[in-house]
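Student: I have a model open and want to learn how to read its features. Where do we start?

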Amino acid sequence: MDDETKRLATAVLESIRRMAVHYGLWFANAANRFGIDGALAMEQEAGDHGTAILIARLCATLGTTITDGVPAPLAAMQPAQFQALLNALAINWLVLDGVWFQAVEQREGMAAAKAVNDACWSSFSPLEAARIKAAQKLPEAGGLDALAAAFAHRLYAVINEQRVFFDDDGSLVLQMTKCRVQAARQRKGLADYPCKSGGVVEYTTFARTMDPRITCECIACPPDPHPADWLCAWRFRIAGEPVLT
């Protein structure tokens, strides 16, 4: 690759990076100013409109067509290619989460990194729930059935292994049976990462966005002790509904 080609390619990648950060800043600041529900409504409008414009402009620039709103190269991919791409994207999402955590931790310490992490989940988890609800056409207040269905479409579901089931008392339980982050720590001989504070924010806000009636209880999550067959577990109920016996 000659120097000019490298310069131009780097400029393209830099533009994507800046654009991603700017979009995220709009969402974060809208959430801070108008509340998460207001920001989600705004993101729905801005995201739908903006994505359509981006796809049309990029396809026109690159000389490719659009099929049902999807760029032709994507529309031509095989299922195995889609799965590999979705897996790579989910891993990259987790990598970006990890490098941000490490950057904050190195400069400001573990407590600061965990505080930033929890704050990020307070906005991202509702966003992910709202996007899944829209993409999968799940009802606005679909209860535990809709929540169980949504869990299968999270980014985590692509790279982690989870078990979702209804308990005898009518509650919905999610057990994370394999966690990519904790598995990496185990391979290095490290203790579990204490992710409970972030998990409480993540699962509570995800469930509440799927249906405001749903409550979340942490069964156990590191640093809590847990059995060998799962890393963390969460119980969900509809507030006010009787517990089955």
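**Helix packing and two residues**

Tutor: Start with a contact list; this is a predicted model. In helix 5, K114, N117, D118, W121, S122, S125, P126, E128, A129, A130, I132 and K133 meet residues of helix 9, namely S197, G198, V201, E202, T205, F206, T209 and M210.

Student: Into which classes do the residues of that contact divide?

Tutor: Eight are nonpolar, seven polar and five charged.

Student: How is the geometry of two packed helices described?

Tutor: By the angle between their axes and the distance between those axes.

Student: Is the crossing of helix 5 and helix 9 left-handed or right-handed?

Tutor: Right-handed.

Student: Now single residues. Is N160 buried or exposed?

Tutor: Compare the relative accessible area with the cut-off: buried means under 20%. N160 has 8%, so N160 is buried. The residue sits in the loop between helix 7 (155-159) and strand 3 (161-166).

Student: What is N160 in contact with, leaving aside neighbours within four places in sequence?

Tutor: M176, K178, C179 and R180. For R180, there is a polar detail: its backbone nitrogen lies 2.9 Å from a polar atom of the N160 side chain.

Student: Where is L85, for contrast in location?

Tutor: In helix 4, residues 79-108. L85 has 34% relative accessibility, so L85 counts as partly exposed. Beyond its neighbours within four places in sequence, L85 is in contact with L74 and M77.

Note on methods: Residues are numbered from 1 along each chain as its sequence is written. This is a predicted model: local features need pLDDT of at least 70, side-chain atom pairs count only at pLDDT 80 or more; totals for chains, interfaces and linings use all residues. Side-chain values use heavy atoms; hydrogens and water are left out. A crossing is left-handed if the near helix is turned anticlockwise from the far one by less than a right angle, and right-handed if clockwise. Helices (H or I, at least four residues) and strands (E, at least two) are DSSP runs, numbered from the N terminus. Contact means heavy atoms within 4.5 Å. Ala, Val, Leu, Ile, Met, Phe, Trp, Tyr, Cys and Pro count as nonpolar, Asp, Glu, Lys and Arg as charged, and the others, Gly among them, as polar. Buried means under 20% relative accessible area, exposed over 50%, partly exposed in between (1.4 Å probe, protein chains only). A polar contact is a pair of N or O atoms within 3.5 Å; within protein, one must be able to donate a hydrogen and the other to accept it, and residues adjacent in sequence count only if both atoms are side-chain atoms.
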